[in-house]
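Take a look at the model first, then read on.

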Amino acid sequence: MENSSAERKQQLALDIADGNDPSDAAKNPDGRTKLQGLFKQLSLLDRYLYVWIFIVMAVSIIFGYYVKGVKKAFQVAEITSVSLPIAIGLWVMMYPVLCKVQYEMLGGVLRQAGPLKTISLSVVLNWIVGPALMTGLAWATLPDLPDFRTGVILVGIARCIAMVLIWNDLAKGDADYCAILVAINSILQIILFTPVALLYLKVVSRGKGFHVSSWTVAKSVLLFLGVPLVAGVLTRLILMNAFGRKWYESKFLRFIGPWALIGLLYTIFVMFSIQAHQIVDNIGHVVRVAVPLLLYFGILFFGSLGICRWLKVPYPLMVTQCFTAASNNFELAIAVAVGSFGIDSTQALAATIGPLIEVPVLLLFVYIVGFFQRKGPSV
């Protein structure tokens with residue numbers, strides 16, 4: 001039963017990545033309906049996520065700009081300098097994805113030599129190349145905007161543990177390997193985020209735009225990553241033992257799945273409502289922040305793709321490597337920026353631009369790798 005389900009899921013992922021509706025495969029051999037095929041496989045929320053994000057952003061800016069007292073209302077209660085509505089949104093956003101991670105598989109995969117090599121490559125790409133590249137691009141494109149630069153660098157340091165699962169599934173990557181990388185990045189993020197942030201924001205950037213203690217950053221990481229991570233681990237262990245894997249994956253995960261995107265939209269609404277005046281007053285700077293993000297996603301994704309092809313990494317593992325390296329945990333970047341600099345800071349505003357750029361760009365990358373995969377198995 002489980003093997004049959006896994007095979008159906010794998011075939012569905014192949015169809016999605018190829019952009020075809022399985023039911024239309026025979027009727028559309030030329031692949032002209034690949035976009036429609038992809039959309040049919042997604043829920044309404046997933047299908048138009050980029051549309052919802054832009055709608056929520058526009059509505060929240062109008063709401064925050066013209067309605068008085070919005071900032072005060074959203075900051076009625078705080079947790080470690082973060083407004084309670086924002087904290088709730090961040091937890092809701094991260095909890096469902098962390099419940100999906102297969103923590104129980106980590107030990108077995110680590111004992112295998114092959115995955116261990118690719119895991120080592122992932123650690124290098126995520127924790128050495130990624131932060132260094134984003135820091136360099138931020139300095140090259142935003143030399144005169146230190147606060148915005150800080151927010152962009154925070155995005156580069158926060159490695160992805162959420163949206164990468166979606167991109168990996170759409171691009172027919174290895175689901176188990178992706179879960180392992182997410183689990184490893186979740187753990188490493190607790191350990192490495194603070195020292196890496198201090199390295200690039202205090203040492204490399206000479207302390208400009210970053211004047212908080214390591215404990216301030218650590219508190220934000222532990223609160224907004226550690227809490228949902230522990231909750232996700234306990235939820236998975238308790239519910240799977242009580243009701244079984246089949247019920248957990250088919251019922252519980254399906255029930256909480258939409259919470260992540262709903263939490264994302266809610267968080268964007270609250271943050272952009274509070275940031276409305278800053279966005280309108282600094283619209284040129286907001287556009288400039290998109291430049292290093294676009295360069296970062298493109299360079300890291302296709303650079304990882306080239307390395308994996310040179311090393312002859314199998315396609316499913318290669319796809320997972322590329323999307324894990326190019327994706328970022330913008331939830332954590334936002335949380336740290338808000339906790340360290342405040343909800344209405346330009347650092348938080350810069351971090352908030354992350355998902356607005358990442359979603360359409362990485363969705364485009366899904367189509368690109370699917371296109372080249374259809375050209376032959378060597379890709």
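**Rings and cysteines at a glance**

Arg-149 sits over the face of Trp-139, 3.6 Å from the ring centre; a charge counts as over a ring if NZ of Lys or CZ of Arg is within 6 Å of the ring centre and within 35 degrees of the ring normal. This is a predicted model, where local features need pLDDT of at least 70, side-chain atom pairs count only at pLDDT 80 or more, and totals for chains, interfaces and linings use all residues. Residues are numbered from 1 along each chain as its sequence is written, and side-chain values use heavy atoms, with hydrogens and water left out.

**Aromatic pairs**
- Rings of Phe, Tyr and Trp (its six-membered ring) pair if their centres lie within 6.5 Å, with planes under 30 degrees apart counted as stacked, over 60 as edge-to-face and the rest as tilted.
- This rule gives twelve aromatic pairs.
- Phe-301 and Phe-302 make an edge-to-face pair, because their ring centres are 5.2 Å apart and their planes stand at 85°.
- Phe-301 is buried at 0% relative accessibility, while Phe-302 is partly exposed at 35% (buried is under 20% relative accessible area, exposed over 50%, partly exposed in between, with a 1.4 Å probe and protein chains only).
- One aromatic cluster is formed by Phe-243, Trp-247, Tyr-248 and Phe-252.

**Cysteines**
- Searching the whole structure turns up zero disulfides, a disulfide being a pair of cysteine sulfur atoms within 2.5 Å.
- Cys-308 is in no disulfide, and its nearest cysteine sulfur, that of Cys-322, is 4.8 Å away.
- Cys-308 is buried at 0% relative accessibility, and Cys-322 is buried with a relative accessible area of 1%.
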